[in-house]
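Please read it alongside the sequence and the coordinates.

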Amino acid sequence: MNKSNQYIAMRHSRAWLAVLVTGAALTLAACDKSDNRTAGEKLDSAVAKTEQAADTAAAKTGQAVKDATAKVESSSTTAEVKEGMANAKEAAKDAGAAMSATVNDAAITASVSAGLAKDPDLSAIKINVDTKGGAVSLKGPAPTAAAKARAEEIAKGVQGVTSVSNQLEVKG
């Protein structure tokens with residue numbers, strides 16, 4: 001495999017990653033369609049579909065890397081090509097880890113949003129939940145100081161949350 005083929009393989013991996021991330025975003029956006037499910041049920045469904053898509057993509061990527069590695073090792077290739085394959089394999093692992101972190105953040109955001117939607121004082125207001133690397137940020141209005149504190153506790157109770165930045169403003 002020459003450098004040109006390695007470049008094409010890397011672009012192909014990036015394209016799949018972009019398709020997967022776009023699919024995850026569309027899945028989460030589909031939560032807005034009107035049906036008889038609660039907001040929490042819609043979010044749980046979106047999270048499950050996104051995790052399933054990520055698992056499928058990771059399995060396919062892993063199998064493709066194994067197949068390519070086996071072909072390279074079975075052929076009479078140079079050390080340069082083998083090094084290139086090792087680099088491509090490492091890049092695929094890094095892309096998989098980054099994708100996994102993105103999916104985990106999306107799952108955390110969905111779980112926090114679902115928890116807030118279940119609370120009678122918080123469900124009627126718009127709280128912006130953002131997650132990056134497990135750190136959750138809450139922004140928007142809160143009807144009372146107690147509701148603000150409860151929102152933070154809900155976020156802290158979600159698996160995978162490493163910290164919570166409660167920037168809710170009490171409007172009452």
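What percentage of the 172 residues in the protein chain do buried residues make up?

1. Buried residues account for 28% of the chain's 172 residues. Please bear in mind that this is a predicted model. The accessible surface of the protein chain amounts to about 10,700 Å², and carbon and sulfur atoms contribute 55% of that surface.

2. The protein chain contains four helices and three strands, which follow one another along the sequence as α-α-α-β-β-α-β. Of the contacts in the protein chain with a separation of 6 or more, 61% are between residues 24 or more positions apart.

3. The largest nonpolar core comprises 16 residues, and Val112, Leu116, Ile127, Val129, Val136 and Leu138 have the most contacts inside it. At least two residues of this core come from each of α3 (79-118), β2 (135-142), α4 (145-156) and β3 (163-170). In soluble globular proteins, nonpolar side chains tend to be buried together.

4. Apart from neighbours within four places in sequence, Val129 contacts Thr109, Val112, Ser113, Leu116, Val136, Ser137 and Leu138.

5. Asn166 is part of strand β3. Its relative accessible area is 16%, so Asn166 counts as buried, the cut-off being under 20%. A polar atom of the Asn166 side chain lies 2.9 Å from the backbone oxygen of Lys148, and the side chains of Asn166 and Glu152 form a polar contact at 3.2 Å. With residues up to four places away in sequence set aside, Asn166 touches Leu138, Lys148 and Glu152.

Key
Residues are numbered from 1 along each chain as its sequence is written. This is a predicted model: local features need pLDDT of at least 70, side-chain atom pairs count only at pLDDT 80 or more; totals for chains, interfaces and linings use all residues. Side-chain values use heavy atoms; hydrogens and water are left out. A nonpolar core is a set of buried Ala, Val, Leu, Ile, Met, Phe, Trp, Tyr and Cys residues joined through side-chain atoms within 4.5 Å. Buried means under 20% relative accessible area, exposed over 50%, partly exposed in between (1.4 Å probe, protein chains only). Contact means heavy atoms within 4.5 Å. A polar contact is a pair of N or O atoms within 3.5 Å; within protein, one must be able to donate a hydrogen and the other to accept it, and residues adjacent in sequence count only if both atoms are side-chain atoms. Accessible areas come from the Shrake-Rupley method with a 1.4 Å probe; for residues, only the protein chains shown count as cover.
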